Protein chains: 2
Amino acid sequence: MDRIPILKMGEFLLVSIQVDMHDRLALALQDDLTEGIVKHRARGVMIDISALEMVDSFIGRMLSNIANMARLLDSHTVVVGMQPSVAITLVELGLPMRGIRTALDVEKGIALLRAATQGSSGDGIADN
Amino acid sequence: MDRIPILKMGEFLLVSIQVDMHDRLALALQDDLTEGIVKHRARGVMIDISALEMVDSFIGRMLSNIANMARLLDSHTVVVGMQPSVAITLVELGLPMRGIRTALDVEKGIALLRAATQGSSGDGIADN
C-alpha cells in the first residue's frame, strides 16, 4: 500500500485513513489531495480518522498541513469520526488543531462542508 | 488495525478497503457490515476497492459473500473503483462476480444505489 485512495463525492473529496502513516505515505497523500482538489475543482475535503485509535504529533501536523494547503486552494477541510481518546491525546500533545473543523461522522461532515461552501455553483451530491 | 471503518452516508454504507485482507479481518468486516445494515436500516452498501492493485480468490469470495448477506438483509451492494488489472484477474481466476454490481467511482455507485432503491422512503443524502 503506497497510496491512500481519494474518493470523489460531488464537489467534495473523502479520504479514509486506516493505515499507519509514515513520511512517504503522508507526502503522497498531500500530493494526491492537492492535485485532486485542483483536478476536480473540489470545494471541500473530508478526512475520516474513525479507524485511528491514537494519533501522534506527526499525524496532527499532517492534518494541519493538509487543511492549510486545501485552504490555499480555496477548499474547506473537515476531519470526521475522531474518537474521544484521540481528542484527549491531541490536546495533551498541545495540538488543539485550531483552524480545523471537525464533525462526528461523514453525514455531518457533508452538512458542514455544504454550509461552508454555500453560494457556490454546486454540482454536489445533493443534486438529483 | 483490526477493523475496517464503515462510513454512513444517508441510507447507504461505504467501506474503503485499503489493507491486505486476512481471515480475521474479513470476518470482522462481514460482522460489522451486516450489523451496520440492520442498525442503520441501510438500503445499500458501497465497497471501494480502488486501492487494490490485485485480488485473489479470497477477496473475490469475500465480496460475493458480503453481497449475498446484504441481499438477505434487503440491501444492495455495489463494488466501486475496480482497477482494470483487477477485472482481468477476476475473470482469469474464474470469478466473474455474477450478481455483483459495479460502478467506476463512488458518485456513480451512489447513483446506481439510488436507482436500485428507488421508491423507498429515503432519508438519503440527497435530501437537503
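Residues are numbered from 1 along each chain as its sequence is written, and chains are lettered from A in the order in which they are written. In this predicted model, local features need pLDDT of at least 70 and side-chain atom pairs count only at pLDDT 80 or more, whereas totals for chains, interfaces and linings use all residues; side-chain values use heavy atoms, with hydrogens and water left out.

**View 1. The two chains and the contact between them.**
Chain A gives 21 residues to the contact and chain B gives 21 residues. About 2,000 Å² is buried between chain A and chain B, 57% of it on carbon and sulfur atoms; buried area is the accessible area (1.4 Å probe) that two parts lose on being put together, summed over both. Of the area that chain A buries against chain B, 30% is supplied by A:Leu7, A:Gln18 and A:Glu107, more than by any other three residues.

**View 2. The sheet of chain A.**
Five strands of chain A form an open sheet with mixed pairing and the order β1-β2-β3-β4-β5; strands (E, at least two residues) and helices (H or I, at least four) are DSSP runs numbered from the N terminus, and two strands pair if DSSP finds at least two bridges between them. At the edges stand β1 (6–9) and β5 (101–103) of chain A, each with a single partner strand, so one side of each is left without a neighbour in the sheet. From one strand to the next the twist averages 25°, with axes taken as lines fitted to C-alpha atoms, for helices over the stretch in contact, and angles running from 0 to 180 degrees between N-to-C directions.

**View 3. A:Thr77 in strand β4 of chain A.**
A:Thr77 belongs to strand β4 (residues 76–80) of chain A, which runs parallel to strand β3 (residues 44–48) of chain A and is joined to β3(A) by five bridges. Within this pairing, A:Thr77 is the bridge partner of A:Val45. A:Thr77 is buried, with a relative accessible area of 6%; buried means under 20% relative accessible area, exposed over 50%, and partly exposed in between (1.4 Å probe, protein chains only). Not counting residues up to four places away in sequence, A:Thr77 touches A:Val45, A:Ile47, A:Ile66, A:Ala67, A:Ala70 and A:Arg101.

**View 4. Strand β2 of chain B and its two partners.**
Five of the five residues of strand β2 (residues 12–16) of chain B are buried, so β2(B) is largely enclosed by the rest of the structure. B:Phe12, B:Leu14 and B:Ser16 lie on one side of β2(B), with B:Leu13 and B:Val15 on the other, and all are buried. Strand β1 (residues 6–9) of chain B runs antiparallel to β2(B) and is joined to it by four bridges, with B:Leu14 as the bridge partner of B:Leu7. These two strands form a hairpin with two residues between them, and B:Gly10 in the turn has a positive phi of about 60°. Five bridges also join β2(B) to strand β3 (residues 44–48) of chain B, which runs parallel to β2(B), and here B:Ser16 stands opposite B:Asp48.

**View 5. The nonpolar cores.**
The largest nonpolar core has 57 residues, and those with the most contacts inside it are A:Met21, A:Leu29, B:Ile17, B:Met21 and B:Leu29; such a core is a set of buried Ala, Val, Leu, Ile, Met, Phe, Trp, Tyr and Cys residues joined through side-chain atoms within 4.5 Å. Leaving aside neighbours within four places in sequence, B:Ile17 is in contact with B:Ile4, B:Leu29, B:Ile47, B:Asp48, B:Ala51, B:Leu52 and B:Met62. Another core, of 22 residues, lies apart from the largest one and includes A:Val106, B:Phe12, B:Met46 and B:Val80.

Conventions
Contact = heavy atoms within 4.5 Å.
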